[in-house]
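Me: I have just opened a structure that is new to me. Could you walk me through it, one question at a time?

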Amino acid sequence: MHLPTLEVSVDRLKVVSRINAFDPDTPLTTSGVDSLDLMEWVYDMQERYPDLGVDETIVESIDDTVTFRAIHQQLVAAHDSVPVASAAGDE
């Protein structure tokens, strides 16, 4: 299984949300991305990494404290794996 690094996941979120600056440690509700951006990210991740099991429930679980880094850590923990990225950094 191919698990993207936090940096690759952030880059994918920035592409689908069309934002230039994003801090993965900022709570998502104040980060500048909205639920539609996160849904686009979920669909992008499902297409690129179908084995990860990323689904819409991630967006439903967001509250004022959840950060993007926490979401990525949940993915890592769920797969008991070390994230890797391709040499191009896009997968």
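Predicted model: local features only at pLDDT ≥ 70, side-chain atom pairs only at ≥ 80, totals over all residues.

Me: How many helices and strands does the protein have, and what pattern does it follow along the sequence?
Reply: Happy to start there! The secondary structure comes to 4 helices and 0 strands. Read from one end of the sequence to the other, the pattern is α-α-α-α.

Me: What share of the residues is buried?
Reply: A residue counts as buried when its relative accessible area is under 20%. The protein has 91 residues, and the buried part of them is 38%.

Me: Which residues of the largest nonpolar core touch the most other members?
Reply: In soluble globular proteins, nonpolar side chains tend to be buried together. Here the largest nonpolar core holds 24 residues. Helix 1, helix 2, helix 3 and helix 4 each supply at least two residues of this core. The residues that touch the most other members are Leu13, Phe22, Leu28, Val33, Trp41, Val54 and Phe68.

Me: Which residues is Phe68 in contact with, leaving aside its neighbours within four places in sequence?
Reply: Phe68 is one of the buried residues of helix 4, and it is also among the core residues with the most other members in touch. With those sequence neighbours left aside, its contacts are Leu6, Ser9, Val10, Leu13, Phe22, Pro24, Thr26, Leu28 and Trp41.

Me: Where around helix 4 do its buried residues sit?
Reply: The buried residues of helix 4 are Phe68, Ile71, His72 and Leu75. They cover an arc of only 100° around the axis, so they lie on the same side of helix 4.

Me: Which helices are included in what covers the buried residues of helix 4?
Reply: Helix 4 runs over residues 68-79, and its buried residues are Phe68, Ile71, His72 and Leu75. What covers them includes helix 1 (6-17), helix 2 (35-48) and helix 3 (57-60).

Me: What distance separates the end C-alpha atoms of helix 1?
Reply: Helix 1 has 12 residues, and at 1.5 Å a residue they should span 16 Å. The model agrees with that expectation, because the end C-alpha atoms of helix 1 are apart by 16 Å.

Me: Which helices do the buried residues of helix 1 pack against?
Reply: Helix 1 has these buried residues: Leu6, Val8, Ser9, Val10, Arg12, Leu13, Val16 and Ser17. They pack against helix 2 and helix 4.

Me: Is Ser17 buried or exposed?
Reply: Ser17 is found in helix 1. A polar atom of its side chain lies 2.7 Å from the backbone oxygen of Leu13, and Ser17 also touches Val33 and Asp37, not counting residues up to four places away in sequence. Because its relative accessible area is 11%, Ser17 is buried.

Me: Which residue just after helix 4 takes a positive phi?
Reply: Helix 4 covers residues 68-79. Just after it, a positive phi of about 45° is taken by Asp80.

Me: Which residues does Asp44 touch, not counting residues up to four places away in sequence?
Reply: Asp44 lies in helix 2. At 14% relative accessibility, Asp44 counts as buried. With those nearby places in sequence not counted, Asp44 touches Arg12 and Val16.

Me: What distance separates a polar atom of the Asp23 side chain from the backbone nitrogen of Asp25?
Reply: Asp23 lies in the loop between helix 1 and helix 2. At 39% relative accessibility, Asp23 counts as partly exposed. From a polar atom of its side chain to the backbone nitrogen of Asp25 is 2.9 Å.

Me: How far apart in space are Arg48 and His2, C-alpha to C-alpha?
Reply: Arg48 is found in helix 2, and at 31% relative accessibility Arg48 counts as partly exposed. In sequence, Arg48 and His2 are 46 residues apart. In space, C-alpha to C-alpha, the distance between them is 9.6 Å.

Key
Residues numbered from 1 in each chain as written. Heavy atoms only, no water. Expected span 1.5 Å × (residues − 1). Buried < 20%, exposed > 50% of the residue type's maximum accessible area, 1.4 Å probe, protein only. Arc of directions from axis to C-beta. Contact = heavy atoms within 4.5 Å. Polar contact = N/O pair within 3.5 Å; in protein donor to acceptor, adjacent residues only side chain to side chain. Core = buried A, V, L, I, M, F, W, Y, C linked by side-chain atoms within 4.5 Å.
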